[in-house]
Amino acid sequence: MCMLCEAKHSAWAGRRGFLLASSAAAALVTMPAAAQVNVGAPSTLRNLVPAEELETAAVQQYAKMLSDAKAKKALASATHPQLIRLRRIASRLVPQTVQWNDRARQWNWEVNLLGSDQINAFCMPGGKIAFYTGILEQLQLTDDEAAMIMGHEMAHALREHARARIAKSQGTSTILSLGSRLLGLGQLGEMAASMGTQLLTLRFSRDDETEADLVGLELAARGGFNPQASVSLWQKMAAASGGAGGPGFLSTHPSGPDRIRQLQSNVPKVQELYLRARG
């Protein structure tokens with residue numbers, strides 16, 4: 001018998017095979033489960049707007065917004081109970097984001113709370129999150145429901161809906177201007193300010209909203225938040241809007257029976273992720 005054949009039949013070879021198989025099994029156990037909701041591939045239109053440029057504009061606009069809020073004494077301090085609560089929720093959601101966008105590894109995630117009666121919340125490109133006190137207080141959100149809102153907004157950033165919407169709304173002129181910026185030929189400050197302003201007023205499409213609902217649902221479930229809260233949340237939203245659109249969050253996030261039914265049909269898909277996260 002040749003040395004190779006002898007090695008194949010040795011006790012060590014058998015043990016080695018067992019160890020390799022065990023290692024592979026362990027790797028499968030520790031790997032995150034594949035996505036349970038089906039939202040398809042992200043829009044290719046987003047590739048027309050450089051991610052780095054948009055995220056830079058978002059960081060600038062977010063910083064300005066916080067500065068303005070602080071000057072008006074409307075920025076919650078780090079010791080505010082509601083802000084502590086929101087950041088605790090975020091700490092459980094952020095680790096789940098890379099599965100949906102590898103760029104999220106590089107984002108400096110940030111959560112802040114603004115004093116306002118508005119029912120509103122958002123996440124800008126690059127992971128810049130803001131909640132208004134109005135959405136927490138007027139809707140009396142539980143932690144699970146707040147996690148659904150946060151997951152939904154994070155999903156817009158992860159699916160890079162803003163890049164696609166800006167490409168659609170601005171067309172060739174913006175793309176050419178961005179190309180000039182990359183070549184050092186454009187007016188950097190003016191374009192960044194324009195893009196940043198758009199990020200605060202952007203309205204997403206129905207398809208974008210559906211994606212954000214489902215990805216947010218899964219993010220929250222993976223973070224250990226009850227997926228059934230997605231249904232109770234949008235029931236509250238529907239009640240707050242009187243069945244129609246309203247200001248702020250409600251005008252850009254239409255709530256209706258179809259939305260609630262779709263969430264209800266997807267809750268079972270992520271239930272196991274939630275139970276596993278809860279241990």
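## Briefing: charge pairs, rings and helices in a predicted model

Glu55 and Arg103 are both buried, where buried means under 20% relative accessible area, exposed means over 50%, and partly exposed falls in between (1.4 Å probe, protein chains only). This is a predicted model, in which local features need pLDDT of at least 70 and side-chain atom pairs count only at pLDDT 80 or more, while totals for chains, interfaces and linings use all residues. Residues are numbered from 1 along each chain as its sequence is written, and side-chain values use heavy atoms, with hydrogens and water left out. Helices (H or I, at least four residues) and strands (E, at least two) are DSSP runs, numbered from the N terminus.

**Confidence**

- The chain has a mean pLDDT of 78, and 70% of its residues reach 70 or more; pLDDT is the predictor's confidence in each residue, on a scale from 0 to 100.
- Confidence is lowest in helix α1 (residues 3-8), with a mean of 38, and highest in α4, at 98.
- Over residues 1-31 pLDDT stays under 50, and the model has 3 contacts for them beyond four places in sequence; a contact means heavy atoms within 4.5 Å.
- Residues 243-247 also stay under 50 in pLDDT, with 4 contacts beyond four places in sequence.

**Salt bridges**

- Side chains of opposite charge can pair when their charged atoms come close.
- The structure has 13 salt bridges, counting a side-chain nitrogen of Lys or Arg within 4 Å of a carboxyl oxygen of Asp or Glu.
- Glu55 forms one of them with Arg103, and the closest N and O atoms are 2.6 Å apart. This pair links distant parts of the chain, with Glu55 in helix α3 (residues 51-71) and Arg103 in the loop between α4 (81-93) and β1 (110-114), 48 residues apart.
- Arg105 pairs with Asp102 through a salt bridge whose closest N and O atoms are 2.5 Å apart. Arg105 counts as exposed at 60% relative accessibility, whereas Asp102 is partly exposed at 48%.
- Asp213 forms a salt bridge with Arg259, with 2.6 Å between the closest N and O atoms. Asp213 sits in helix α9 and Arg259 in helix α12 (residues 257-278), so this pair ties together parts that are 46 residues apart in sequence.
- Asp213 is buried at 5% relative accessibility, and Arg259 is buried too, with a relative accessible area of 9%.
- Shared partners join the salt bridges of Glu52, Glu55 and Arg103 into one network.

**Aromatic rings**

- A pair of aromatic rings is described by the distance of the centres and the angle of the planes.
- Searching the whole structure gives 2 aromatic pairs. Rings of Phe, Tyr and Trp (its six-membered ring) pair if their centres lie within 6.5 Å; planes under 30 degrees apart count as stacked, over 60 as edge-to-face and the rest as tilted.
- Phe122 and Tyr132 have ring centres 6.5 Å apart and planes at 65 degrees, so the pair is edge-to-face. Phe122 belongs to strand β2 (residues 121-124) and Tyr132 to strand β3 (residues 128-132), so the pair ties together parts 10 residues apart in sequence.
- Phe122 and Tyr132 are both buried.
- Arg259 lies over the face of Trp234, at 4.0 Å from the ring centre. A charge sits over a ring if NZ of Lys or CZ of Arg is within 6 Å of the ring centre and within 35 degrees of the ring normal.
- Arg92 lies over the face of Phe225, at 3.9 Å from the ring centre.

- Helix α6 (residues 143-158) has 16 residues and should span 22 Å at 1.5 Å a residue, which agrees with the 22 Å between its end C-alpha atoms; the expected span is 1.5 Å times one less than the number of residues.
- Of the 16 residues of α6, 14 are buried, so α6 is largely enclosed by the rest of the structure. Just after α6, Glu160 takes a positive phi of about 55 degrees.
- Helix α9 (residues 206-222), with 17 residues, reaches 24 Å from first C-alpha to last, close to the 24 Å expected at 1.5 Å a residue.
- In α9, 14 of the 17 residues are buried, so α9 is largely enclosed by the rest of the structure.

- Lys72 is in the loop between α3 and α4 and counts as exposed at 67% relative accessibility. Lys72 and Gly115 are 43 residues apart in sequence and 9.5 Å apart in space, C-alpha to C-alpha.
- Thr133 lies in helix α5 (residues 133-138) and is buried at 15% relative accessibility. Leaving out residues up to four places away in sequence, Thr133 touches Leu113, Leu114, Gly115 and Ser116.
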